[in-house]
Amino acid sequence: MVIIFVATGSHIGGLLTSLPSFEQSDSFRAILININKYKKSPMKISEIHIYQKDQRIVDGPYIMSTMTLTSIDATIIKVVADNGLVGWGEVSPLGPAYQPQHALGARAALCHLAPDLIGSSCLHPLLLQRRMNDLLNGHNYAKAAIDFAIMDLMGKYYKVRVCDLLGGPVRERLPAYFAISKGSPDDTARKAKDKLAQGYKRLQIKSGGRDVAEDIEAIRKVWEAVGNKANLVVDANRGMTGSQAMQLSLACKDIPFLFEQPCNTMEEVSNIRPQIAHPIALDENIEGINDVLRAISMNACDGFGLKLTRVGGLNAMATIRDICEARGLPHTCEDSWGGDIVSAAILHMGATVKPAMLEGVWTAGNYIEESYDPANTVACTDGFFDLPTGFGLGITPQEDRIGHLVHSF
Ligand code: 0XW
Ligand code: MG
């Protein structure tokens with residue numbers, strides 16, 4: 001006679017005392033313990049630790065149309081699960097004025113969320129996202145840090161990489177692009193030539209916030225320097241009026257480039273779109289899934305510059321990725337700034353994007369003086385990034401490299 005028991009952990013003890021002798025033997029206990037081992041016990045959040053780190057900008061300052069930066073205030077989070085596994089997250093807003101994201105705001109939001117997240121499952125990112133939305137409206141950028149850490153934990157738990165959890169990588173090497181900090185036309189052209197020689201096939205020229213004639217001269221000199229050996233992007237970071245953007249585009253209509261976020265609002269950009277000579281990508285206007293749907297409904301652009309933390313993290317970005325693929329809208333995978341943790345998340349996301357849809361990936365690695373995990377640092381070689389190989393994000397930050405602990409829950 002075969003007795004088949006399906007016992008949960010909590011009933012094993014009682015069951016054993018009431019069973020005939022064999023069933024009270026060590027061999028039967030070993031079988032039950034094995035069953036219990038394979039029962040997917042939910043992994044729960046047991047601790048959340050928040051670190052603050054100042055990231056000095058190497059070769060700075062970093063100059064865009066609306067600001068000049070010399071250092072970034074980064075927030076790193078360490079989420080410890082009840083089985084001892086650790087997941088890492090990070091958010092590094094590009095200063096307090098770039099967008100409605102602020103380092104102090106990120107830490108305030110995380111301090112608000114953390115106590116209620118203790119005890120939550122680490123295996124259900126969608127449920128966690130909804131829980132966070134119930135607790136705090138908006139603040140996608142702060143919630144993204146939690147999202148990164150949970151995906152990191154899930155990967156470690158299931159012994160897979162984050163890109164596997166996001167649908168699977170289409171490649172192991174990701175094409176990078178280089179953003180040239182705003183400078184003189186000659187300096188910009190020299191840097192463009194230098195970066196092309198280093199293997200970058202997509203070059204972003206910063207414009208706006210100065211006389212349009214100087215922007216036009218910089219674009220012309222870059223075109224003379226690199227020609228069509230690289231895909232050119234002119235990124236105004238919202239710093240132009242519609243008339244300035246039209247003037248620039250029409251003055252350079254013989255030069256192919258993608259015009260990124262020329263004006264401040266989606267309405268201004270969609271107004272000029274029919275009158276200019278270049279395809280348009282929206283960047284700063286995209287702060288979540290709904291903004292992508294609004295841009296599509298307004299027929300406002302031809303693609304996007306997508307920042308992982310701004311839109312809410314990896315899972316939100318995966319939804320946007322699929323919408324863009326369905327509508328043939330190429331995009332980047334990037335973030336405003338960030339160290340190895342953000343960079344790894346960018347690569348894992350970028351690896352799942354259909355190649356024809358990926359404009360390129362960007363990380364702040366070139367501008368950051370020390371990595372969180374020197375053994376697995378995310379680095380660009382010959383214009384490409386190698387996808388991390390370890391489980392989860394594949395990054396193991398060293399605690400003496402992630403700044404100082406500011407809050408623990
Ligand atoms: C080039 N970036 C990704 C770096 C800075 O965050 C700005 C941003 C952009 O595209 O504007
Ligand atoms: Mg941009």
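Donors are N, O and S atoms within 2.8 Å of the metal (3.2 Å for Na, K and Ca), and water is not among the atoms, so sites may look incomplete. This is a predicted model, in which local features need pLDDT of at least 70 and side-chain atom pairs count only at pLDDT 80 or more, while totals for chains, interfaces and linings use all residues; side-chain values use heavy atoms, without hydrogens and water. Residues are numbered from 1 along each chain as its sequence is written, and chains are lettered from A and ligands numbered from 1 in the order in which they are written.

**View 1. The magnesium ion (ligand 2) and its donors.** Asp235 (OD), Glu260 (OE) and Asp283 (OD) coordinate the ion at 1.9 to 2.3 Å. Along the chain, the donors have the spacing D-x24-E-x22-D. Glutamate 260 and aspartate 283 are both buried (under 20% relative accessible area, 1.4 Å probe, protein chains only).

**View 2. The crossing of H7 and H8.** Helices (H or I, at least four residues) and strands (E, at least two) are DSSP runs, numbered from the N terminus. The axes of H7 (residues 185-197) and H8 (residues 212-226) come within 8 Å and cross at roughly 30°; axes are lines fitted to C-alpha atoms, for helices over the stretch in contact, and angles run from 0 to 180 degrees between N-to-C directions. Contact means heavy atoms within 4.5 Å. Residues in this contact include Ala189 of H7 and Val222 of H8.

**View 3. An open sheet of four strands.** The order is S5-S4-S1-S17, with antiparallel pairing; two strands pair if DSSP finds at least two bridges between them. Strands S5 (86-91) and S17 (404-408) are the edges. The twist averages 25° from one strand to the next.

Key. Left-handed = near helix turned anticlockwise from the far one by under 90°. Buried < 20%, exposed > 50% of the residue type's maximum accessible area, 1.4 Å probe, protein only.
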